[in-house]
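Let's take a friendly walk through this structure together. Have the sequence and the 3D view at hand as you read.

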Amino acid sequence: MKPSNKKGVFIAAHGTSSNSSIMKSQTIHNIICLEAEWEYSERNRKNRFSLNTLPMLNWLKEAYDCEIIYRRIRTKSDLKYYLDYFRTHEEEEFEKFDIIYFACHGEKKSLWIEGQTIPLTTISKWAKGFFEDKILHFSSCRTMSNKIDSKHFKRDCLAKMVSGYQISVDAYDSGIADIALLNDLLSQKDIDIERYTDCESEFYTRYESLLSDLHFHAC
């Protein structure tokens with residue numbers, strides 16, 4: 001994922017009249033976010049920026065009255081630790097968290113955390129069933145680069161849906177796509193996977209230009 005050079009001024013104004021459509025909603029879905037410590041090093045000057053998805057997640061939490069678990073991961077060992085922890089405590093605490101959101105750098109068919117490549121096949125083995133019937137979204141470059149391998153990953157980890165980007169993406173554009181996707185998922189009572197896999201669906205046509213530019217893929 002790469003930073004953008006975009007600059008501008010944005011003013012958000014919401015209606016205050018009695019017919020304003022802004023109101024708190026209820027959802028049956030909840031999110032776990034695992035976000036990497038975005039690397040800051042001499043070796044990768046272009047990646048010298050710090051992202052934090054927590055404010056976006058807090059916005060969704062307030063809007064939908066959902067629960068959010070947010071954890072920072074610095075190394076592949078951190079990722080393995082949290083997947084182990086969530087899996088072994090699933091029945092008691094984490095079964096209701098059905099959306100897993102990964103925010104980090106990526107490589108082809110892999111995540112990339114502080115110089116360490118973690119293939120999807122390894123992540124599936126670490127999860128050991130925790131991903132079953134869950135929605136997995138990878139906000140990372142090129143993790144979904146191979147559609148066939150993405151389907152194999154979904155099959156192996158028994159996920160309900162897997163989504164992400166097939167190419168290197170701009171950090172801010174992909175952030176907009178992430179919030180669009182998460183917002184739409186939370187708004188659905190029964191999640192219809194074709195809503196995100198069908199290019200003629202209501203969701204896809206609403207954000208068609210952005211999703212196409214980012215080579216968004218869901219299966």
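A salt bridge here is a side-chain nitrogen of Lys or Arg within 4 Å of a carboxyl oxygen of Asp or Glu. In general, side chains of opposite charge can pair when their charged atoms come close.

Before going on, a word on what you are looking at. This is a predicted model, in which local features need pLDDT of at least 70 and side-chain atom pairs count only at pLDDT 80 or more, while totals for chains, interfaces and linings use all residues. Residues are numbered from 1 along each chain as its sequence is written, and side-chain values use heavy atoms, with hydrogens and water left out.

The side chains of R195 and D184 meet in a salt bridge at 2.6 Å, N to O. R195 lies in helix α7 (residues 194-197) and D184 in helix α6 (residues 171-187), so this pair ties together parts that are 11 residues apart in sequence. Both R195 and D184 are buried, where buried means under 20% relative accessible area, exposed means over 50%, and partly exposed is in between (1.4 Å probe, protein chains only). Another salt bridge joins the side chains of R206 and E202 at 3.1 Å, N to O. R206 and E202 are 4 residues apart in helix α8 (residues 202-206), separated by about one helical turn. R206 is exposed, with a relative accessible area of 52%, while E202 is partly exposed at 46%.

The structure holds 11 salt bridges. One of them brings together the side chains of D78 and R74 at 3.7 Å, N to O. D78 is buried, with a relative accessible area of 18%, whereas R74 is exposed at 53%.

Now step back to the whole chain. It has 9 helices and 9 strands; these are DSSP runs numbered from the N terminus, with helices (H or I) of at least four residues and strands (E) of at least two. Of its 219 residues, 47% count as buried. Contact means heavy atoms within 4.5 Å, and among contacts between residues at least 6 apart in sequence, 75% join residues at least 24 apart.

Which residues of helix α4 (residues 120-127) are buried? They are L120, I123, S124, W126 and A127. Seen down the axis of α4, these residues fall within an arc of 165°, so they line one face of the helix; the arc is that of the directions from the helix axis to the C-beta atoms. On the other side of α4, T121 and K125 are exposed. The cover over the buried residues of α4 includes α2 (76-88), β5 (110-113), β6 (116-119), β7 (135-139) and α5 (147-157). After α4 comes K128, whose phi is positive, near 50°.

Next, find T27, in the segment before β1 (31-36). T27 is buried, with a relative accessible area of 14%. Leaving aside residues up to four places away in sequence, T27 touches Y64, C66 and L186. The side chain of T27 also reaches the backbone oxygen of L186 at 2.7 Å.

Finally, consider confidence. The mean pLDDT of the chain is 88, and 82% of its residues reach 70 or more; pLDDT is the predictor's confidence in each residue, from 0 to 100. Over residues 16-20 the pLDDT is below 50, and beyond near neighbours in sequence this stretch has 1 contact in the model.

Key: A polar contact is a pair of N or O atoms within 3.5 Å; within protein, one must be able to donate a hydrogen and the other to accept it, and residues adjacent in sequence count only if both atoms are side-chain atoms.
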